[in-house]
Amino acid sequence: MPDTNLVNTLDDLKFWRAGQTFPWVLKADGTWGGRGVKIAHTPEQAEQLFLELTQLPGATSVVKQLILNRDRFWLPPWGQRSKPAVIVQSHIQGRPANCAVVCWKGKVLAGIGVDVVSAQEQQGPASVVRVVDNPEMMLSAERIARRLGLSGFFGLDFMIEYASGATYLIEMNPRGTPLCHLRLGAGADMVGALAAQLSGQPYRETPPVTQNDMIAYFPQAWTCDSGFLQSSFQDVPREEPDLMQELLHPWSERSLVGRIFDRLRRLMVEEKASKGYVFATTTATRKSSEACQKLEGVPVNHGGG
């Protein structure tokens, strides 16, 4: 793990500064999709980002989330005036990876590990991933599940350091992640493994949904030009057209106010959102990314699922 410390006050950041070099990564607890991840390059920037991460959302923002997005997540903490916990981590120069597992009473039943091939934003969620066999990621999941006696789904985010190839655990997501529903054979069919555990019946192996190790998430890979759609298994729920429609056209876009707001937002971030970020993980990936003319350097991603 990278050096990590809880930050309650600005004095905590000053204490951390004594033994750490920049950049630093600040993260707000309870956030997702990279929204609560900030990278600081100076002491002044670190202090400013800490204040931003601990600032409660305004009434306008909460009302917007409630009415347009039907998202009640921020309502209780806003009403209770409770601020999110923030940690600071040392920066790992590398490429992102993650794994998802399902467990029962501390025992891992099945899981999948992936390298992130492309993401929607620099700290944003993955849009295309490549299935990999990384024993260190799965060992981390097994140790955490056993130590905490967990049952259910959870995910872990990692950085693979460029210089050493070491696998660094950077955060935990105590929820289902985009990998959890995929059926990739024995040991990698999380829903099937959990169903067998709950029913008391032997696990019935089903054919993998794909032999392709490249997976394009829906709708993430369709909202940014990743350049990998044709070479990837497209994880589209075609058997559920209503779900496809919901994912492509969220409820917030269907009202007049929602469409106006979304249009303004898209105009502001159109260029950034259209490109995405590509990570070179293997020779095959590098060749594919070069063919698509998308590899414009390798940015750093700390979290974001």
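**Close-up 1. Lining of the second largest pocket in the predicted model.** The residues lining the second largest pocket divide into 10 nonpolar, 3 polar and 4 charged (Ala, Val, Leu, Ile, Met, Phe, Trp, Tyr, Cys and Pro count as nonpolar, Asp, Glu, Lys and Arg as charged, and the others, Gly among them, as polar). This is a predicted model, in which local features need pLDDT of at least 70 and side-chain atom pairs count only at pLDDT 80 or more, while totals for chains, interfaces and linings use all residues. Residues are numbered from 1 along each chain as its sequence is written, and side-chain values use heavy atoms, with hydrogens and water left out. The second largest pocket holds about 380 Å³ of space. Of its 17 lining residues, His181, Leu182, Asp235, Val236 and Pro237 are the closest to the centre. At least two lining residues come from each of β11 (233–235) and α8 (241–248). Helices (H or I, at least four residues) and strands (E, at least two) are DSSP runs, numbered from the N terminus. A pocket is an open set of points on a 1 Å grid over the protein atoms alone, where a 1.4 Å probe fits, with protein on both sides within 12 Å along at least five of seven lines; lining residues have an atom within 4 Å of a point. Grid points are joined across faces, edges and corners, and the volume is the space filled by probe spheres set on the points.

**Close-up 2. Packing of helix α1 against helix α2.** Helix α1 (residues 10–17) and helix α2 (residues 43–53) pack at an angle of about 145 degrees, and their axes are 10 Å apart. Axes are lines fitted to C-alpha atoms, for helices over the stretch in contact, and angles run from 0 to 180 degrees between N-to-C directions. On the α1 side the contact (heavy atoms within 4.5 Å) is made by Leu10, Leu13, Lys14 and Arg17, and on the α2 side by Pro43, Ala46, Glu47 and Phe50. By class, this contact has 5 nonpolar, no polar and 3 charged residues.

**Close-up 3. The open sheet of 4 strands.** The strands are in the order β1-β4-β2-β3, with antiparallel pairing (two strands pair if DSSP finds at least two bridges between them). β1 (4–7) and β3 (37–40) are at the edges with a single partner strand each, so one side of each is left without a neighbour in the sheet. From one strand to the next the twist averages 25 degrees. Strand β2 (residues 24–28) is joined to β3 by 4 bridges, and Lys27 stands opposite Val37 in β3. Helix α1 packs on the sheet and touches β1, β2 and β4 (86–90), its direction making about 155 degrees with that of β1. Helix α2 also packs on the sheet, touching β1, β2, β3 and β4, and its direction makes about 165 degrees with that of β3.

Close-up 4. The peptide bond from Phe22 to Pro23 is cis, with omega near 0 degrees; Pro23 is in the loop between α1 and β2. The bond from Phe218 to Pro219 is cis, with omega near 5 degrees, and Pro219 is in the loop between β10 (214–217) and α7 (220–223). Lys105, in the loop between β5 (94–104) and β6 (107–119), has phi near 50 degrees, a positive value in a residue other than glycine.
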